[in-house]
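Hi,

Here is the structure I said I would pass on. Have a look at it first, and then read on for what turned up.

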Amino acid sequence: MAASGARVLQLRSVEFARNHAVKLHVRSSFSEADGTWIREEDQRMLEKALISGVTHTVDENVYRVEGATAAQLFGALADAAVNVDTVAQTGREIVFSAPERGKTDAVLDRLGVQWSLREDLGQVSIVGAGMRSHPGVAAKAFATLEELGIQPELVTTSPIKIGCFVPRNRVEEAVRALHAAFELDSPEAMRAHG
């Protein structure tokens, strides 16, 4: 979830804890609530926790590039120390998101490729380790967005995440609807994550 836009924990701390089997205790600095323990999930938790959460980022720079191979493009971006998030390729077109506009634009200009940029998108992601073994998660997510009249511009998937790039001004609405659709406020969901 940290890698998908949740701003509760810094991504590197989560990676370190996972790699060294460290349990994390996340608590609010504004209340005395118990908080949440983050640890390796066992089979019982995976069965309960189909979707762990809905995350979002509001500002996404989504590039469409033609005229370079993936190796040329991402090699040049890596040489310029540009972090790339999402990558999708269809035929000769490569689509990716990157947070640093100035450096990315400069690399694309140096490569002499055809490119365009969308700056009006945000990303909404549903995250959960149990979704790969449960059919219908994507169907529910897309139906929820369709009910709002939101058509994602780009969709990426992994075994634990579905990321939808939607108009920036609809991100909050999409987050609330997906949160409700997957019943993340239900007592069962709270017990599975708490």
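**What turned up**

First, what covers the buried residues of helix H4? The cover includes strand E3 (53-66), helix H3 (70-79), strand E5 (93-97) and strand E6 (114-127). Before going further, some ground rules: this is a predicted model, where local features need pLDDT of at least 70, side-chain atom pairs count only at pLDDT 80 or more, and totals for chains, interfaces and linings use all residues. Residues are numbered from 1 along each chain as its sequence is written, and side-chain values use heavy atoms, with hydrogens and water left out. Helices (H or I, at least four residues) and strands (E, at least two) are DSSP runs, numbered from the N terminus. Contact here means heavy atoms within 4.5 Å.

**Helix H4**

H4 spans residues 101-111, and its buried residues are Thr 104, Asp 105, Val 107 and Leu 108. They sit on the same side of H4, because they cover an arc of only 160 degrees around the axis (the arc is that of the directions from the helix axis to the C-beta atoms). After H4 comes Gly 112, with a positive phi near 70 degrees.

**The sheet**

Next, the strands. They form an open sheet of six in the order E4-E5-E3-E6-E8-E7, with antiparallel pairing; two strands count as paired if DSSP finds at least two bridges between them. Strand E4 (87-90) and strand E7 (154-158) are at the edges with a single partner strand each, so one side of each has no neighbour in the sheet. From one strand to the next the twist averages 25 degrees.

Some of the pairings in more detail:

- E3 and E6 are antiparallel over 11 bridges, and Tyr 63 is opposite Leu 117 in E6.
- E6 and E8 run antiparallel and are joined by seven bridges, with Gly 122 opposite Val 166 in E8.
- E3 and E5 pair in the antiparallel sense over four bridges, and Arg 64 is opposite Val 95 in E5.

Two helices lie across these strands. H3 lies across E3, E4 and E5, at about 25 degrees to E5, while H4 lies across E3, E5 and E6, at about 25 degrees to E3. Axes are lines fitted to C-alpha atoms, for helices over the stretch in contact, and angles run from 0 to 180 degrees between N-to-C directions.

**The cores**

A nonpolar core is a set of buried Ala, Val, Leu, Ile, Met, Phe, Trp, Tyr and Cys residues joined through side-chain atoms within 4.5 Å. The largest one has 19 residues, and those touching the most other members are Ile 51, Val 54, Val 124, Ile 126, Val 137, Leu 178 and Phe 182. E6, helix H5 (137-147), strand E8 (161-167) and helix H6 (171-181) each supply at least two residues of this core, and the largest share, five residues, comes from H6.

Which residues does Phe 182 contact, leaving aside its neighbours within four places in sequence? They are Ile 51, Ile 126, Val 137, Lys 140 and Ala 141. There is also a second, separate core of 13 residues, with Val 65, Leu 73, Phe 96 and Leu 108 among them.

**Salt bridges**

The whole structure has nine salt bridges, each being a side-chain nitrogen of Lys or Arg within 4 Å of a carboxyl oxygen of Asp or Glu.

- Glu 93 pairs with Arg 64, the closest N and O atoms being 3.1 Å apart. Glu 93 is in strand E5 and Arg 64 in strand E3, 29 residues apart. Glu 93 is partly exposed at 21%, and Arg 64 is partly exposed at 30%.
- Arg 92 and Glu 66 meet at 3.6 Å, N to O. Arg 92 lies in the loop between E4 and E5 and Glu 66 in strand E3, so this pair ties together parts 26 residues apart in sequence. Arg 92 is exposed at 66%, whereas Glu 66 is partly exposed at 29%.
- Arg 118 pairs with Asp 120, with the closest N and O atoms 2.8 Å apart.
- Arg 101, Asp 105 and Glu 119 are linked in a network of salt bridges.

Cheers

Conventions. Buried < 20%, exposed > 50% of the residue type's maximum accessible area, 1.4 Å probe, protein only.
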